[in-house]
Structures are given as structure tokens and as C-alpha cells.
Amino acid sequence: MIDRKYHSIGIIGFGARGQLLAETIGAEIPEYGRLAAVADLRENPTFRQGVGIYCRDFKVYRDYRELLADDTIDTVIVETYPESHLEITAAAIRAGKAVMCDKPAVSTLAEAAEMYRVVTSTPCAFQMGLNMPCRPVLVKTAELLADGAIGRVFSVRGCCDVGYAFAHDVILRKFAGDPAGLVMGKLTHDTDFIQFALNTYAEEVCGFTANFQHRRHGSGETSDDTAVICGVLHNGTLFSQELTSCGSAYSRKFTFFGEKGELRVDSKERFLEIVTPAGECRRIEVAAVGGGHGGADKALLSSFLDYVDSGTGKARWPERICSSVMVPLAAMEHTVVRTGEWYRGIVGV
């Protein structure tokens, strides 16, 4: 029996993503807790309309340390840039807060190793904010794979098309000057889902990234807008993952190939398909869920708070700190990287 608590939640970094999660807490899971405080470096931050509707009387701090010193806050969501995630997460754990840190966990392998050490070396409540496996259609995908719906999986192919308009906006404003910005921001999710769904991790990775069409006039500062990654997972499954930014619509698609056929899924849709070697297609509908990211944000937050209330005293899925960043970071190297050796050296599997 879980001893449920009503949580006083602080969000550190109150930009677009932090505000969307605040709305989710206030509008979709108010029984779990409330937004009690935010910390943001901006002197006069502007808030989304939904924040004003669903979040009342929360404190606003300029320094995250002031929020962590607030004894009324028991749970913290870290929504700053990855470069500060390690510092803030470590400080929040020392302050006795439960912590959910959004993706990407960190920006380097060295920081990933240190964050893993921090969250596993002391009793704490910690989880990465990787919401893609929480999308209803992808939850169903993982269930079908675990149940052997297509038998042993031989290979998996992923394609993330963020669309021209989205890429132009975020690369020129958010990721300008950060070559790995879009690759890390997006493929952290997709490659994490592949590894999570197949209960394994990447053994060897080879990737290439480039910028073709999104750069400022007269400036070389940009973020790579295209990536192709391939490799082999520790269980022998081959995988490939593509990132493109020239499509007309945002989509994230996966195809799993197994001995009994293939499983096709688009995370934006409400169904998936299993196709047999004989060409017979079976469509499986998934119930529609409202809210941010197709219901994934609600599922992520409620699952996290249930985990916090369970009082295990151990970080949840800490290995995903490492596995989620190592594949997109390897792609930036433009050569073959033995990710499995590094991963085992940190996680010890």
C-alpha cells in the first residue's frame, strides 16, 4: 500500500517546457500536488495562459538555491539547460528533495558518469524525465514486444522528422551555436525508447550528423539539423535512427522487424500495426488520451510521484542517464564508438 502524499512541487527553469508541466500538474493531476515555487534567471518571466488558470500563489525565485532552501518544497523538477543538470540535481538531492530531471540528462559522457554516481551513491528519489515511453501507443508497443508479438526482434528502424518549421525555429533561436543541440534534444528520446522497449543497450554505434539548411546569415554558429545513426544493441539486435528537418509534418516512427513479422508505429497516432510475413496486417487501436505530448506528460508525472510515494530510497532507472545520451553523443563523433564498453564501466552490468 502506497502512503500517498500531497506534494509541494518546485520547478527550476520555468521556460516553455517547465510551464507545460506546471499546467499538467494543475489541470490533470491536481490530486497529486501543486506548483508551489519556480526558479528562473529571468527578471520578468512571462507565463502561459494555462499557468495563470491552473497554478495559483506560487513563489518565484531568481536563484535555484533559494528554492532548494525552501522547506515547504518536497519535490523538484529540473528544466534548465543540460549543462546545469548535474549541479542542480546534486544540490537538490543534498537538500533532501525528490528529483525529476528532464532530458537530455547532461551534455557530456563525463557528466553522465558523475550524475549516475551521485544518484546511486546515496538514498534518494530520482528519475529522468524521459516521456516518450509514456505515450499510450508506445506503452502498447513495448508491451507487444515483451509478449513476443513478432517473436525475436532482429532489427529496428526509427525516423524522427521534426519538420522544417520546427527545426528553423528552434535551431536559429534555441540551439544556435550548439552543434549537438537538436541531435541531443530529439534523439535522446528516440534512441532511449528503442533501448527501453527492447530492454537492452547500444553496444556499438556509428553515426554522422550535418547542417544543411538552418543557419544564420553571415555566421557559422548553428546546430546540426540531420543525423543518421546505426549500430548493434547488446542483445544482438541491429538498429538505425534518422533525424531529418525538411519534412512537412512532425512525426516519430519506428518499425520493429522480427521472426514473426514487423511492428509499425508512429508515436503521433492512436494505433499501431503488425504485419505478418504473408502480408496480413492487423491494426491495434489505442485509446486516445488528452494532455501534453499525447498524454505522455500526465503519465510521466503521475508515475514519478507514485514512485516517490513508494519510498524505495533508490533512484529509478538510473542507467538511463547514461544510455539515453551515449547514442546521440556517439553520432557526433562521426566514427564507430564502443558505447557498450563505456556503459558497462559505469553501470557495471
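These legends accompany close-up views of a predicted model.

Local features in the views need pLDDT of at least 70, and side-chain atom pairs count only at pLDDT 80 or more, whereas totals for chains, interfaces and linings use all residues. Residues are numbered from 1 along each chain as its sequence is written, and side-chain values use heavy atoms, with hydrogens and water left out.

**View 1**
Helices (H or I, at least four residues) and strands (E, at least two) are DSSP runs, numbered from the N terminus. Along the principal axes, the C-alpha atoms fill a box of roughly 60 × 60 × 40 Å. The radius of gyration is 20 Å, which agrees with the value near 20 Å for a compact globule of 349 residues. That radius is taken over C-alpha atoms, and the globule rule is 2.2 Å times the number of residues to the power 0.38.

**View 2. An open sheet of six strands with parallel pairing.**
Two strands pair if DSSP finds at least two bridges between them. The strand order is β3-β2-β1-β4-β5-β6. β3 (59-61) and β6 (126-129) are the edge strands, and each pairs on one side only. Neighbouring strands are turned by 25 degrees against each other on average, direction ignored. β4 (residues 75-78) and β5 (residues 98-102) run parallel and share four bridges. Here V76 stands opposite V99 of β5.

**View 3. An open sheet of nine strands with mixed pairing.**
The order is β14-β13-β12-β11-β7-β10-β9-β8-β15. The edges are β14 (281-285) and β15, each pairing on one side only. β7 (residues 153-161) runs antiparallel to β11 (residues 251-258), with eight bridges between them. D161 faces S251 of β11. β7 also runs parallel to β10 (residues 238-244), joined by seven bridges. In that pairing, C160 has L243 as its bridge partner.

**View 4. Strand β8 between β9 and β15.**
Eight bridges link β8 (residues 202-210) with β9 (residues 226-233), and the two run antiparallel. G207 stands opposite I229 of β9. β8 also pairs with β15 (residues 336-337) in the antiparallel sense, over two bridges. There C206 stands opposite V336.

**View 5. Strands β12 and β13, with helices α6 and α8 on the sheet.**
β12 (residues 261-266) and β13 (residues 271-275) are antiparallel and joined by four bridges. The bridge partner of E262 is V275 in β13. Helix α6 (residues 136-146) lies across β7, β11, β12, β13 and β14, at about 165 degrees to β12. Helix α8 (residues 181-197) touches β7, β8, β9, β10 and β11, and its direction makes about 155 degrees with that of β10. Axes are lines fitted to C-alpha atoms, for helices over the stretch in contact, and angles run from 0 to 180 degrees between N-to-C directions. Contact means heavy atoms within 4.5 Å.

**View 6. Helix α5 against helix α11.**
The axes of α5 (residues 109-120) and α11 (residues 339-347) come within 10 Å and cross at roughly 25 degrees. The two helices are therefore roughly parallel. Angles under 35 degrees count as roughly parallel, over 145 as roughly antiparallel, 65 to 115 as roughly perpendicular and the rest as oblique. The crossing is right-handed. A crossing is right-handed if the near helix is turned clockwise from the far one by less than a right angle, and left-handed if anticlockwise. L109, A112, A113 and Y116 of α5 meet W342, I346 and V347 of α11. This contact has seven nonpolar, no polar and no charged residues. Ala, Val, Leu, Ile, Met, Phe, Trp, Tyr, Cys and Pro count as nonpolar, Asp, Glu, Lys and Arg as charged, and the others, Gly among them, as polar.

**View 7. Helix α1 against helix α9.**
α1 (residues 16-28) and α9 (residues 296-310) pack at about 75 degrees, with axes 10 Å apart. They are therefore roughly perpendicular. R17, L20, L21, T24, I25 and E28 of α1 meet D297, K298 and L301 of α9. By class, four residues are nonpolar, one is polar and four are charged.

**View 8. Helix α8 against helix α10.**
α8 and α10 (residues 319-331) pack at about 120 degrees, with axes 8 Å apart. That makes α8 oblique to α10. Their crossing is right-handed. Contact residues include V183, M184 and L187 of α8 and V325, M326 and V327 of α10. The contact has nine nonpolar, five polar and two charged residues.
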